[in-house]
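Subject: Handover of a structure, with notes

Dear colleague,

I am passing this structure on to you, and below it you will find my notes. Please read them with the model open beside you.

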Amino acid sequence: MKRWCFILGIVAAFTLQHTAKAVAQEPQLNLIKEEMIAMNDAFTNLIQALIFNKPDVIEGPFLKVKEARKKIEEAIKKGEKIILPKNHSKFKEFMKLDEEYHAELEKLLAAAKDKNMKIIKLQTHKLLNFCVYCHARFR
Ligand code: HEC
């Protein structure tokens, strides 16, 4: 358990630092980055909530992620191009992965409502695996 928290803490610290750099270097954000920055804040908050046993603070920051995701959906509907840094030709696979990810996210939010720390922990781990996998493939 201790080691697991430690690893998550490092991931959180690293991603946070990374975001700060990204924002400083590129004032013009694309829609995916916008969603991802919200995602990063929400995930960091999630880890804190998990470590300090505060399931009720988990959902809040994820609402911003949902708003950002809606913007992407609308942009795609309008025919705007969303460019992936890597493997752009596999955009359909990216969309499928994104859907799977968000289905797991919904399970996390349901568990947060139920204050079920065991499921919250399990879902946090699953989501982390999605961050890592999707970035390796498309970022
Ligand atoms: C379905 C795919 C997918 C998932 C899942 C995903 N990401 Fe991302 N993420 C991306 C892509 C693609 C980019 C690159 C966007 C760009 O640069 O245009 C990105 C970029 C980022 C960035 C910005 C990095 C930079 O370039 O400065 C952060 C921070 C980030 N993601 C955090 C997360 C976190 C935290 C999670 C998991 C809780 C996560 N992402 C899950 C696809 C994903």
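Between which two helices does the loop that holds Asn53 lie? Asn53 is in the loop between α2 (31-51) and α3 (59-77), where helices (H or I, at least four residues) and strands (E, at least two) are DSSP runs, numbered from the N terminus.

Before going further, please note that this is a predicted model, in which local features need pLDDT of at least 70 and side-chain atom pairs count only at pLDDT 80 or more, while totals for chains, interfaces and linings use all residues. Residues are numbered from 1 along each chain as its sequence is written.

The overall plan

The protein has five helices and zero strands, and from the N terminus on its elements run α-α-α-α-α. Of its 139 residues, 15% count as buried; a residue is buried if 20 or more other C-beta atoms lie within 10 Å of its own, exposed if 12 or fewer, and partly exposed in between, with C-beta atoms placed from the backbone. Among the contacts with a separation of 6 or more, 61% come from residues 24 or more positions apart, two residues being in contact if their C-beta atoms, placed from the backbone, lie within 7 Å.

How the helices pack

Two packed helices are described by the angle between their axes and the distance between the axes. Here the axes are lines fitted to C-alpha atoms, for helices over the stretch in contact, and angles run from 0 to 180 degrees between N-to-C directions.

α2 and α3 pack at an angle of about 165°, with their axes 8 Å apart. That makes α2 roughly antiparallel to α3, since angles under 35 degrees count as roughly parallel, over 145 as roughly antiparallel, 65 to 115 as roughly perpendicular and the rest as oblique. α2 passes α3 in a left-handed crossing, a term used if the near helix is turned anticlockwise from the far one by less than a right angle, and right-handed if clockwise. The residues of α2 that meet α3 include Leu31, Ala38 and Asn45, and those of α3 include Pro61, Ala68 and Ala75. Lys70 has its place in helix α3 and is exposed, because 11 other C-beta atoms lie within 10 Å; Lys70 and Glu35 are 35 residues apart in sequence and 9.4 Å apart in space, C-alpha to C-alpha.

α4 and α5 pack at an angle of about 160°, with their axes 9 Å apart, and are therefore roughly antiparallel to each other. Their crossing is left-handed, and among the residues that meet are Phe94, Tyr101 and Leu108 in α4 and Ile119, Leu127 and Phe138 in α5.

The axes of α2 and α5 come within 11 Å and cross at roughly 145°, and this crossing is left-handed. The contact is made by Leu46, Ile47 and Leu50 of α2 and Ile120, Lys121 and Thr124 of α5.

The nonpolar core

A nonpolar core is a set of buried Ala, Val, Leu, Ile, Met, Phe, Trp, Tyr and Cys residues joined through C-beta atoms within 7 Å. The largest has 17 residues, and those with the most contacts inside it are Met39, Ala42, Leu46, Leu108, Ala112 and Ile120. The elements that give two or more residues to this core are α2, α3, α4 and α5, and α2 gives the most, with eight residues. Ile120 touches Leu50, Pro55, Leu108, Ala111 and Ala112, not counting residues up to four places away in sequence. The buried residues of α4 are Leu105, Leu108, Ala111 and Ala112, and they pack against α3 and α5.

Helix length and backbone details

The 23 residues of α4 should span 33 Å at 1.5 Å a residue, and its end C-alpha atoms are 33 Å apart, which agrees; the expected span is 1.5 Å times one less than the number of residues.

Most residues other than glycine have a negative phi. Asn53, however, has a positive phi near 55°, and is exposed, with 9 other C-beta atoms within 10 Å. Lys115, in the loop between α4 (91-113) and α5 (117-138), also has a positive phi near 55°, and is partly exposed, with 13 other C-beta atoms within 10 Å. Just after α3, Gly79 takes a positive phi of about 85°.

With best wishes
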